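Subject: The structure I promised you

Hi,

Here is the structure we talked about. Have a look at it first, then read my notes below.

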Amino acid sequence: MQTLTQRLANPTRFMELSARLLPWISAAAAILLAVGLYLAFFASPADYQQGETVRIMYIHVPCAWLSMMVYGLIALSSFGLLVFRHPLADVSAKAAAPLGAAFTFLALLTGSLWGKPMWGTYWVWDARLTSVLILFFLYLGLIALRSALEDEGAAAKLTAILALVGVTILPIIKFSVDWWNTLHQPSTDFTSTVDPSMRLPLLVMAIAFTLLFFAMHLKAMRNEILRRRVKALRTQAVAGRDRLATQGAAE
C-alpha cells in the first residue's frame, strides 16, 4: 500500500489535492489574519514600558518564526530530493525560497523599527540580528544560484546541497540569545511570560501567518508544476518540428 508521501509524489494527484485544499487554507488565513489584526491593534493593551510600539511584535514575531520554519522546510525538501529523489521535493524547495526571503526581510525590517525606540538604534551587530541577516543572505544565495544555472537538474542538486549546509544557521539563531550576551530579549515561546491579553493575539497572528505561508506555498508549487509542464510541451514540440524538418530534407 502506498503511503501518503508516495501518493503525493505524483504531480497530477498533488494538483488535484492542492486545488481542493487551497481555497480552504486561504479562507482560514484571511479570517484569522483579520481577527488577529483586530486583536493586535484595537483590542490588546499598550505595554506599560514599550507603549504602542509593542504592537510591532504582532508582525515581527510571526515573520521571525516563519523565517526559520520556511528554511527548515527547504532543508527537508532538499533532503527529499537528494536522498529519495522525490519529484515534488525540488518544486517545494524552489517555491519556498522567495517566500522565506520575504518573511526574513520583514522580520529584519520590523525588528529594526522596534529596536529604534527600545535600543536607541535601528541596527546593532547583535548575535541574533546578525545570524538572521546571514539567513536572509542564504535565501538570496539559493535564489541566485538557481537562477544562474540553465540546467535545472544541476541547479536543483546544487541548491539542495547549499540548503543542507546552510541549515546549521537555524540552531545558531535559536540559541544565539542564550550563547551570547545580546540586546535581543530571550525567546518567550508564547509562554506565560507574555501577558494573556497579548499572548492571544500573538498566537492568532502566528497561526494566520503560518496558514498564509502554506497557501502561498501551495499556489507557488502549482505555478511551478504548470511552468515545467509548459516547458516540457514546448521542448517536445521543438523536437517534433526538428524531426519533421530532418525527414523532409532527407526526402
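A word you'll need all the way through is "buried": a residue is buried with under 20% relative accessible area, exposed with over 50%, and partly exposed in between (1.4 Å probe, protein chains only). Lys94, for instance, is partly exposed, since its relative accessible area is 25%.

Before the rest, two notes on the source. This is a predicted model, in which local features need pLDDT of at least 70 and side-chain atom pairs count only at pLDDT 80 or more, while totals for chains, interfaces and linings use all residues. Residues are numbered from 1 along each chain as its sequence is written, and side-chain values use heavy atoms, with hydrogens and water left out.

**The overall picture**

The protein has eight helices and zero strands. (Helices are DSSP runs of H or I with at least four residues, strands are runs of E with at least two, and both are numbered from the N terminus.) The C-alpha trace spans about 85 × 35 × 35 Å along its principal axes. Of the 251 residues, 38% count as buried. The accessible surface is about 14200 Å², and 69% of that belongs to carbon and sulfur atoms; accessible areas come from the Shrake-Rupley method with a 1.4 Å probe, and for residues only the protein chains shown count as cover.

Contacts here mean heavy atoms within 4.5 Å. If you take contacts between residues at least 6 apart in sequence, 76% of them join residues at least 24 apart.

**The cores**

In soluble globular proteins, nonpolar side chains tend to be buried together. To look for that, I used nonpolar cores, meaning sets of buried Ala, Val, Leu, Ile, Met, Phe, Trp, Tyr and Cys residues joined through side-chain atoms within 4.5 Å. Which residues touch the most other members of the largest core? They are Val70, Tyr71, Ile74 and Phe213, out of 36 residues in that core. Helices H3, H4, H5, H7 and H8 each supply at least two residues of this core, and the largest share, nine residues, comes from H4. Take Phe213 as an example: leaving aside neighbours within four places in sequence, Phe213 is in contact with Leu66, Met69, Val70, Leu73, Ala96, Leu99 and Phe103. Apart from this core lies another one of 11 residues, including Phe14, Val91, Ala95 and Leu218.

H7 covers residues 169-179, and its buried residues are Ile169, Leu170, Ile173, Ser176 and Val177. Look down the axis of H7: the buried residues fall within an arc of 140°, so they line one face of the helix. (That arc is the one made by the directions from the helix axis to the C-beta atoms.) These buried residues pack against H3 (57-84), H5 (127-148) and H6. On the face turned away from the buried side you'll find the exposed residues Asp178 and Trp179.

**Salt bridges**

A salt bridge is a side-chain nitrogen of Lys or Arg within 4 Å of a carboxyl oxygen of Asp or Glu. How many are there in the whole structure? The search finds eight.

Glu224 pairs with Lys94, with the closest N and O atoms 3.3 Å apart. This pair links distant parts of the chain, as Glu224 sits in H8 (residues 196-250) and Lys94 in H4 (residues 89-119), 130 residues apart. Glu224 is buried, at 8% relative accessible area.

Glu224 also bridges to Arg228, at 2.6 Å between the closest N and O atoms. Both are in H8 and are four residues apart, so about one helical turn separates them. Arg228 is partly exposed, at 26%.

Then there is Arg227 with Glu152, at 3.2 Å from N to O.

Through shared partners, salt bridges join Asp90, Lys94, Arg146, Glu152, Glu224, Arg227, Arg228 and Lys231 into one network.

**A greasy spot outside**

Finally, Phe79, Leu82, Val83, Phe84, Leu158, Ile161 and Val165 form a nonpolar patch on the surface, with about 650 Å² of accessible area together. (Patches are made of residues with over 30% relative accessible area and no salt bridge; like charges are joined within 9 Å, nonpolar side chains, that is Val, Leu, Ile, Met, Phe, Trp and Tyr, within 5 Å.) H3 gives the most to the patch, with four residues. Leu82 is in H3, and counts as partly exposed at 32% relative accessibility.

Cheers
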